[in-house]
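Q: Could you walk me through how to read a few features of this model?

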Amino acid sequence: MRPTEEQLPDWLSHQIVETLKQSGLSRGSITSAIQNLSDGYIHRSEGVTTSWEKSETQIAYLAYFLPLNFVRLQHLFHELNDLGFLNGITNYVDFGSGPGTLSLLLFDQYSNIFSQGVCVERAPEAKRLFEHLRKGSPQSIPIHWATDLSSKKVSQMASALFVFSYSLVELEKLPDWFFDLHEIVVVEPSDRTNGRKILELRKELLSRGFHIWSPCTHQDMCPLHQHSKRDWCHQRVLLDQPEWFSELEKDLPMKNRSLTYSHLVASRREPPQKLQQLARITGDLLVEKGRSRQMFCQDSERRFLQWLKRDDPHLSYFRGQLISRTQLNNS
Ligand SMILES: C[S@@+](CC[C@H](N)C(=O)[O-])C[C@H]1O[C@@H](n2cnc3c(N)ncnc32)[C@H](O)[C@@H]1O
């Protein structure tokens, strides 16, 4: 069973392509800018932020990191909407918003839910990029930009949805007000270091009275945190690439037929009962000596689905897929 592929909305694709054309840069210059920013992200030291002052960074982010993060957020917000997590929330704060990746998604698909947003971003260049991109969006939400957030301001907006998309990775420590929040969405790179940090954060949030809505379908200890020092949890998303993106990718060593991300969604509200009836596939398909195995999660145990490949040669689940526990027990 495979989930549907995520796509960029046409207007955003169009806006990106037009901006790249206006830059006058060759495909080779764009892909080397992407490669440089990607290397910078991979090798950066803790607390180093995106170098928005460089025009090379702006182009690389526009052509590559923005579309990929948009698709990751789109995938996650589909699930959160289905779970009812967005019910009753009307305001959002996007901390480290960059070029407004989240806002562009919310404009496109959730303008009926959110009536107001705040983008917290230090770099004026990122805001300028957003102002340009938003012109293509058929819908919008009133938003306010800020370069910082005081604890006082946060306490006035405590019930808003606070989103940290690829921004905690740029902070040396969590903001002082982090645990005063009510609704938190964190999305981070799916490498071991950042993935393990999310597992630590999950434990801390639970100890402070938060409930976890995603990726976990339970509130027990995390089996990957408890029983391993190496594992971490991440999702996989299939990407239906627009043609211009596939063309750029031909010149890049990274291939993005599917994308991964690590995330954590926590709230002061309890999740609905239906979450406890679900389990999540937390591993890719493993085939060993005719036997197929896939890790899944529904409590603090490390659990595997197992079947003989010859019994069901085509069976495979998608990493991150939610599946009913009844279906699992019957398989
Ligand atoms: C990798 S970008 C992510 C942008 C966007 N959220 C996304 O998902 O595409 C991280 C952003 O966080 C911003 N940032 C880092 N530390 C910040 C801080 N202390 N206050 C405000 N913005 C910050 C950086 O300028 C950068 O634009």
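**Reading the model, feature by feature**

A: By class, the shell around the ligand holds seven nonpolar, nine polar and three charged residues. Here Ala, Val, Leu, Ile, Met, Phe, Trp, Tyr, Cys and Pro count as nonpolar, Asp, Glu, Lys and Arg as charged, and the others, Gly among them, as polar. Keep in mind that this is a predicted model: local features need pLDDT of at least 70, side-chain atom pairs count only at pLDDT 80 or more, and totals for chains, interfaces and linings use all residues. Residues are numbered from 1 along each chain as its sequence is written.

Q: Which residues come nearest to the ligand?

A: A residue is near a molecule if its C-beta atom, placed from the backbone, lies within 6 Å of it. Of the 19 residues around the ligand, the nearest are Asn69, Gly96, Gly98, Thr101 and Ser165.

Q: How do I read the packing of H3 and H4?

A: Helices are DSSP runs of H or I with at least four residues, strands are runs of E with at least two, and both are numbered from the N terminus. Axes are lines fitted to C-alpha atoms, for helices over the stretch in contact, and angles run from 0 to 180 degrees between N-to-C directions. Helix H3 (residues 55-83) packs against helix H4 (residues 101-109) at an angle of about 50°, with the axes 9 Å apart. That makes H3 oblique to H4; angles under 35 degrees are roughly parallel, over 145 roughly antiparallel, 65 to 115 roughly perpendicular and the rest oblique.

Q: Which residues of H3 and H4 meet?

A: Two residues are in contact if their C-beta atoms, placed from the backbone, lie within 7 Å. From H3 come Leu66, Asn69, Phe70, Leu73, Gln74 and Phe77, which meet Thr101, Leu102, Leu104 and Leu105 in H4. This contact has seven nonpolar, three polar and no charged residues.

Q: Is tyrosine 166 buried or exposed?

A: A residue is buried if 20 or more other C-beta atoms lie within 10 Å of its own, exposed if 12 or fewer, and partly exposed in between, with C-beta atoms placed from the backbone. Tyrosine 166 has 22 such atoms, so it is buried. Its phi is positive, about 55°, although it is not a glycine. Lysine 289, also not a glycine, has a positive phi of about 45°, but lysine 289 is exposed, with 5 other C-beta atoms within 10 Å.

Q: Where is the peptide bond with omega near 5°?

A: That cis bond runs from serine 214 to proline 215. Proline 215 sits in the loop between S6 and helix H8 (223-226).
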